[in-house]
Structure formats: structure tokens, C-alpha cells
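Morning, everyone. Have a look first.

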Amino acid sequence: MEPINCFTKSIFTIVLLILSLSSLLADATKECKFPAIFNFGDSNSDTGGLSAAFGQAPPPNGESYFHAPAGRYCDGLLVIDYIAKSLGLPYLSAYLDALGTNFTHGANFATAGSTIRPQNTTLHQSGFSPISLNVQYYQFNDFQRRSQIIRKKVFKGLLPKAKDFSSALYTFDIGQNDLTAGYFLNMTSDQVRASIPDVLNQFKTIVKYLYDHGGRSFWIHNTGPVGCLPYVMDRPLIAAGEVDEIGCASPFNEMDQYFNFRLKETVIQLRKDLPSAALTYVDIYAVKYDLISHAKKHGFVHPLQACCGHGGKYNYNVHLGCGSKIKVKGKEIMMGKSCKDPSILINWDGVHYTQAANKWIFDQIVNGAYSDPPIPLRMACHRH
């Protein structure tokens, strides 16, 4: 009888192993239920932070979706808005916006002009926000702590639950301004390149802090081709021989690609350092460059021209931006006007993308085609 008992035990053990593996595989293919999003970034994902702190983005911003300014430097929705919508969550309220906000399903700490590394200039001097990534983390830290105290007292319906912080999606779209800030401060390409390791060390530190605060799912965008944006191409920094076949400024794009290479290395290291984290690296650069270089194929026209602006080769003027006005005989006249149909242009105001372009970009990344690992947004809680 003993051999039969041994055989029975072996079969029982194998069955248990199969059931256990089946359970693990089922969990790994299960869609994530993100109850909230906490976003960190710059104007690519700012839903009202800078507007709340320094004055509202003027009309015609917001015209295509909100029909009025809505804190976004765009005619409508941003990629982060489409991310929230696809996960069944409301659009993110800006942390700095005190009016009409609801933080039940997360908060947005991004502000236009933000950098990873703090800048030694004011917003007025350089155009870069004082709310760098470390400040955004300080805001998150305070928000996480105080929201639970306040939630117990009165605002239960407007603030996230404590458990939501560990099961939320943490999104990042920042780094572009660290590169352009260097160039605009007359740094050489070598100097900008040399600054990147320190910039990414600071980025890595913030991700680790968020992990220590319970964050486990991280969706990280690399930086897009800033050399294809009018606010860069319109500057005298660009020589004729530094323009690529589609008209973009090569030195800037090459620096973006180097930054992205090092960012990907940073994400790979973070996977080793943070054993319980799921970190998804998203190649936004490839998506945006494909859109700009094959604009006609994707249903767009004039890929290097701003929709909202005034004059010049790119319909962009650094002194007369989107929504700007001048006074003529005591009467205000709008100079930075919107184009007739923003839905067929890629660039909104010389710096940012149109709602139509943002939707196209989101549609390319949502299913994981440009992700490492190649998993869709709804699976971004799974570690690979």
C-alpha cells in the first residue's frame, strides 16, 4: 500500500502546483483596477497647475473641448486626460487648483514649464516653473498625509482612500524642459549632455520616494522630439545644416534621444532596486516623430506649423503667443488667434500638441505597442 500512497501524494502535489501556476497566470493576465492616478510632469500633462498659481491660460485655449480655458495649454484634451478616461476615471484635478476640484480619484502635480532638476531662475526670467519634480513630490507627500486626516473629519467624498495610494497608477511626463533650459541658458551641447546623469539621478530619487510611500505601478513617458517644435526651430540657435529631412532641429532631437536612452537605463535599474514595482517605459519620442514625419498619412497637415499663434514661418512668435492681444487706439485686438480647424494640425501653440494629436498619440500607446515591457495601459500593474 505504501507505493500507492507515495504515488497519490505525488499526483496531489502536481495538481497543487498546476493550480498554483494557473492562479499566478490568471493574476498576470487580469486587468488592473486603478482607483486613482497621481501625475507628475510639465505642460504636456498640466491640467491647471500653472494656471492656478500664475494666472489662467487665456482663450482660445480649451476651445475644442471645454469651449473655454481649462488650465491646459491646448485646444482641448491632453494625453493624461485620455489615460484617465480609458481607465474609467474622471479628468485629474490640478493639486494647486482650489476651486471645483475633486481628488477622489487622484491628483495632478504637473505644472507647465516644470523641470526635473530645480532651475536657478524665476518663471518671469526663463519661462520655467519653480515647481520642479522635487517640489511636486513635496506636494504629493503633504497631500497623502493630510488627505487622510481631513477625510476622517469632513471631506470624505472629495479625497482618496488610504489604500488607493498603493493601487494607484503613478504617471510621469517630464524632462523636456531640463534639456531646452540648458540650451536657452547658452549651455553647449556637451554641457547639456553632461547634466543628464544628475537630472536622471534626481528622477530616480523621486520614484524611490514614491515607492516608499506605497506607489507600485509607474507609467513613465520619455521625452518627445523638441527639435520639431516651433519654439525651438524659430530660434537663431539653429543653423541650416542642423535641420533634418523633415525640417526638425537635429541637435535638439539627438539630445532628446540620448536623454531617453539614459532614462531607459534608469528605469531598468529601478526595476532591480524596487522589487515590488511595475515600471513601464513608454517611447513617446517614437510616436511623436512618426506623427510629425508622416503627418499626411495620419490625417494631418503642416506638421511643423502652430495652429494658434501669429506670423513667421511656423505661425509662431515668442513675443505674441497663443491668445496674446495688443492695444490699438485703446482697443484690444487678438493677435494670437486659433486656426480654422485645429483637428488637422499637430501643433497647437508652437510648444504643445493639439487635442487631435494628443488623441492620436494616446491611441498608439494605450495597447503597449511602444512600451517596455510591451504591455497595455490596463495591465501596467503587473511586474515583468
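The S-S torsion of Cys228 and Cys248 is about 110°, so this disulfide is right-handed. The two sulfur atoms sit 2.1 Å apart. For the term itself, a disulfide here is a pair of cysteine sulfur atoms within 2.5 Å. The pair ties together distant parts of the chain, 20 residues apart: Cys228 is in the loop between β4 and α9 (230-233), and Cys248 is in the loop between α9 and α10 (250-273). Both Cys228 and Cys248 are buried. Buried means under 20% relative accessible area, exposed means over 50%, and partly exposed is in between, with a 1.4 Å probe and protein chains only. Helices (H or I, at least four residues) and strands (E, at least two) are DSSP runs, numbered from the N terminus.

A word on the source. This is a predicted model, where local features need pLDDT of at least 70, side-chain atom pairs count only at pLDDT 80 or more, and totals for chains, interfaces and linings use all residues. Residues are numbered from 1 along each chain as its sequence is written, and side-chain values use heavy atoms, with hydrogens and water left out.

Back to the cysteines. How many disulfides does the structure hold? There are 4. Next comes Cys307 with Cys339, S to S 2.1 Å. Its torsion is about -95°, so this disulfide is left-handed. Cys307 lies in the loop between β6 (301-306) and β7 (325-328), Cys339 in the loop between β8 (331-334) and β9 (345-347), and 32 residues separate them. Is each end buried or exposed? Cys307 is buried, at 2% relative accessibility. Cys339 is partly exposed, at 22%.

Then Cys308 and Cys322, again joined with S to S 2.1 Å. The torsion is about 90°, so this disulfide is right-handed. Cys308 and Cys322 are 14 residues apart, each in the loop between β6 and β7. Cys308 is buried at 0% relative accessibility. Cys322 also counts as buried, at 13%.

Count the bonded cysteines along the chain, and the pattern reads 1-8, 2-3, 4-7, 5-6. Cys74 is in no disulfide, and the nearest cysteine sulfur, that of Cys322, is 9.8 Å away. Cys74 is buried too, with a relative accessible area of 0%.

Now helix α3, residues 79-86. Why call it largely enclosed by the rest of the structure? Because 7 of its 8 residues are buried. Those are Val79, Ile80, Asp81, Tyr82, Ile83, Ala84 and Ser86. They pack against β1 (37-41), β3 (169-173), β4 (217-221) and α12 (355-365), where contact means heavy atoms within 4.5 Å. After α3 comes Gly88, with a positive phi near 75°.

Two terms, both on a 1 Å grid over the protein atoms alone: a cavity is a set of points where a 1.4 Å probe fits but cannot get out, and a pocket is an open set with protein on both sides within 12 Å along at least five of seven lines. Lining residues have an atom within 4 Å of a point. Points are joined across faces, edges and corners, and a volume is the space filled by probe spheres set on them.

The search finds 4 cavities of 30 Å³ or more. The largest cavity holds about 90 Å³. Its lining includes Tyr73, Val79, Asp173, His221 and His352. The second largest cavity holds about 60 Å³. Val79, Asp173 and His221 are among its lining residues, along with Ile80 and Ile83. α3 and β3 each supply at least two residues of that lining.

Last, the pockets. The largest pocket has a volume of about 1000 Å³. It is lined by 32 residues, and nearest its centre lie Tyr73, Gly127, Tyr316, Val351 and His352. Which helix gives the most to this lining? That is α4, with 4 residues. The second largest pocket is about 320 Å³. It has 14 lining residues, with Tyr95, Phe103, Phe143, Ile150 and Leu159 closest to its centre.

That's my tour. Questions, please.
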